[in-house]
Amino acid sequence: PYKQLHQAAQQGRILAVLGGPCHDSFNNRPPTRGRRKDTIWGFHANDKSDQAAADMENIQLLRMLELANIARFYNTTTVLILLAHPADPSLATEDTGQPKIPTIWGTTTLMAFGHNHRLLGTTLSTCVLGDKQHQNIKFLHNIPLLCTHNNQTCPHNEYKGTTTPNTTRWG
């Protein structure tokens, strides 16, 4: 299916690139990635299956970025871009003290992509969007109205400090 998406982007038929890569290999215990430039894409000591999983997620992310670049070049209208991935808990005020886990947001690849496309960043709790579980998520996007939700936190006290299967990454 990627070949067809690539061709559609070259024909100017891609109007939006939405979503984000799977983040399973960012949550692994023991970790399969680090936070530094030389380890964010995977540790050198990973076994083949762990590195293959990390590589698949890396490829998904890079393909999304490539599709957005191609679509922007060939499209005569504005291409909507909305990339989503869990926010870095070590940078969020309510998550201070959490372990420094791997995150895509600090990569030079994503920072350069955001700069080149003049994208905006918005971080908020998924609870604000109607999710029943609290998780901070970050969006990199070109939707100015979405910025009005920046730094909105979970309004439900019962979620604060709790750990559920969907929030184990944070606690």
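**Valine 79.** I looked up its burial first. Valine 79 is buried, with a relative accessible area of 6%. Buried means under 20% relative accessible area, exposed over 50%, and partly exposed in between, with a 1.4 Å probe and protein chains only. The model is predicted: local features need pLDDT of at least 70, side-chain atom pairs count only at pLDDT 80 or more, and totals for chains, interfaces and linings use all residues. Residues are numbered from 1 along each chain as its sequence is written, and side-chain values use heavy atoms, with hydrogens and water left out.

I placed valine 79 in the loop between helix 3 and strand 2 (80-86). Helices (H or I, at least four residues) and strands (E, at least two) are DSSP runs, numbered from the N terminus. What does valine 79 contact, leaving aside its neighbours within four places in sequence? I found Ile14, Leu15, Ala16, Ala71, Arg72 and Asn142. Contact means heavy atoms within 4.5 Å. I also checked valine 17, which is 62 residues from valine 79 along the chain; their C-alpha atoms are separated by 7.5 Å.

**Threonine 39.** This residue sits in the loop between helix 2 (24-27) and helix 3. I read 8% relative accessibility for threonine 39, so it counts as buried. With neighbours within four places in sequence left aside, threonine 39 contacts Arg33 and Gly34.

**Whole chain.** I counted 4 helices and 4 strands. Along the sequence they run α-β-α-α-β-α-β-β. The chain has 171 residues, and 40% of them count as buried. I took the contacts between residues at least 6 apart in sequence; 68% of these join residues at least 24 apart.

**Helix 1.** Which residues of helix 1 (residues 2-10) are buried? They are Tyr2, Ala8 and Ala9. They cover an arc of only 120° around the axis, which puts them on the same side of helix 1. The arc is that of the directions from the helix axis to the C-beta atoms. An α-helix has 3.6 residues a turn, so residues three or four places apart point the same way. The buried residues of helix 1 pack against helix 3 (48-74). Glycine 12 follows helix 1, and its phi is positive, near 75°.

**Helix 1 with helix 3.** I noted that their axes come within 7 Å and cross at roughly 25°. That makes helix 1 roughly parallel to helix 3. Axes are lines fitted to C-alpha atoms, for helices over the stretch in contact, and angles run from 0 to 180 degrees between N-to-C directions. Angles under 35 degrees count as roughly parallel, over 145 as roughly antiparallel, 65 to 115 as roughly perpendicular and the rest as oblique. From helix 1, Tyr2, Leu5, His6, Ala9 and Gln10 meet Arg63, Glu66, Leu67, Ile70, Ala71 and Tyr74 of helix 3.

**Helix 3 with helix 4.** How far apart are the axes of helix 3 and helix 4 (residues 108-116)? I read 12 Å, at an angle of about 20°. Helix 3 and helix 4 are therefore roughly parallel to each other. On the helix 3 side the contact uses Leu61, Leu62, Leu65, Ala68, Asn69 and Arg72. On the helix 4 side it uses Thr109, Leu110, Phe113 and Asn116.
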